Amino acid sequence: MPPTIDLRSDTVTHPSPAMREAMATAEVGDDVYGEDPTINRLEALAAETMGKEAGLFVSSGTMSNLVAVMTHCQRGEEAILGSEAHILQYEVAGAAGVAGVQLRPVPNDEGGRLDPSLVEATIRGQNLHFPQTALVCLENTHNRCGGAVLTPEETRAVADVAHARGVRVHIDGARILNAAVALGVPASDLAREADSVGFCLSKGLAAPVGSVLCGSAEFIARARKNRKILGGGMRQAGIIAAAGVVALESMVERLTDDHANARWLADGLAGLPGVVLRPGSVQTNIIIFAIEGQDAPTLAARLRESGLLATTLDARRIRMVTHYGIERADVEEALDRVQAALGAVAA
Ligand code: TLP
């Protein structure tokens, strides 16, 4: 069996040697008392990176989004978001089931954008019958839209219509640092118009665990209480936050390698018979392509047999993600395996 190439997600990354060293020697305290110096340092660094007053270390991107929804919305209110949003598609209806908040989708375009005028028309105010709109959620980069980036201007266009109606804006920025690196702008420019932004340490930045939710000091104080409700007060979690500090200090610029490898992979895939890949669609580290004339799960199963792991989005589409630990040689090898599997499935 040849070595496995795991392109299912950037969540599969292992911590770097520097992270393991930092975790082994991390100074810790009880974070529920606010006394873990490593968490305090990570939260301050994250807030500074996002241009916000404060940060809150949480266990996952899912917890970051749920805490944000709980903190921005009352039970019985609604949040507007894209039809392809991770919060809607992959977070087990936590907004509804746990926060009591209705999710109201409007279509995402293929670049992960929302139409500002449609968002404006969808916002609902005070009325006996309506769930009042309290929040609009954006996603940058956009996972199901192939890692597409939202620019500061696109973010502002939606935030302006929301704020004009007294509605707050949250960015699910699980991969916002990929967007920042791809656009060559500070992440704070991408988060400026949002009332909160969460980003993941455990994806392309390669830390083993964790996300940070950032916003105003007042928002984060309320979010901290909601994190406690969810059982997210993690005591001596400086052990894992230490890897997050290393991630922010030394793993951000490296994301350009993942983006270059993703483009290389996309170009190679686009040349294979039966692969449909929208030109220019790969902006960061996620590649989504369709297969013509065959079934994506069947192809994914073939790829798995050859030691290449990918995910399927639906009956036609496959997702591959480049990340820390995947080198150009792995991409070349992956292309060979896809070519062989396509031939085998077609035969
Ligand atoms: N996404 C995962 C899966 O859940 C699909 C992946 O492999 O891409 N927001 C966005 C945009 C995400 O892509 C993810 C994870 C999350 C939130 C949730 O983060 P975690 O997995 O830390 O809860």
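Domain 1 and domain 2 bury about 1600 Å² between them, and carbon and sulfur atoms give 50% of that area. On the side of domain 1, the residues that lose the most area to domain 2 are Asp-10, Leu-255 and Gln-283, which together make up 30% of what that side buries. Keep in mind as you look around that this is a predicted model.

**How the chain is divided**
- Domain 1 is built from two stretches of the chain, 5–12 and 254–346, while domain 2 covers 17–250.
- Taken over C-alpha atoms, the centres of domain 1 and domain 2 lie 28 Å apart.

**Where the domains touch**
- The contact involves 18 residues of domain 1 and 20 residues of domain 2.

**Polar and charged links**
- Seven residue pairs are in polar contact between domain 1 and domain 2, counting pairs with both residues at pLDDT 80 or more.
- Two salt bridges are found across the interface of domain 1 and domain 2.

- Three elements each supply at least two residues to the side of domain 1 that touches domain 2: helix H12 (255–270), strand E10 (286–291) and strand E13 (317–321).
- Helix H12 gives the most to this side, with three residues.
- Sorted by class, the side of domain 1 that touches domain 2 holds eight polar, five nonpolar and five charged residues.

Methods: Residues are numbered from 1 along each chain as its sequence is written. This is a predicted model: local features need pLDDT of at least 70, side-chain atom pairs count only at pLDDT 80 or more; totals for chains, interfaces and linings use all residues. Side-chain values use heavy atoms; hydrogens and water are left out. Domain bounds come from an automatic or database domain assignment. Contact means heavy atoms within 4.5 Å. Buried area is the accessible area (1.4 Å probe) that two parts lose on being put together, summed over both. A salt bridge is a side-chain nitrogen of Lys or Arg within 4 Å of a carboxyl oxygen of Asp or Glu. A polar contact is a pair of N or O atoms within 3.5 Å; within protein, one must be able to donate a hydrogen and the other to accept it, and residues adjacent in sequence count only if both atoms are side-chain atoms. Helices (H or I, at least four residues) and strands (E, at least two) are DSSP runs, numbered from the N terminus. Ala, Val, Leu, Ile, Met, Phe, Trp, Tyr, Cys and Pro count as nonpolar, Asp, Glu, Lys and Arg as charged, and the others, Gly among them, as polar.
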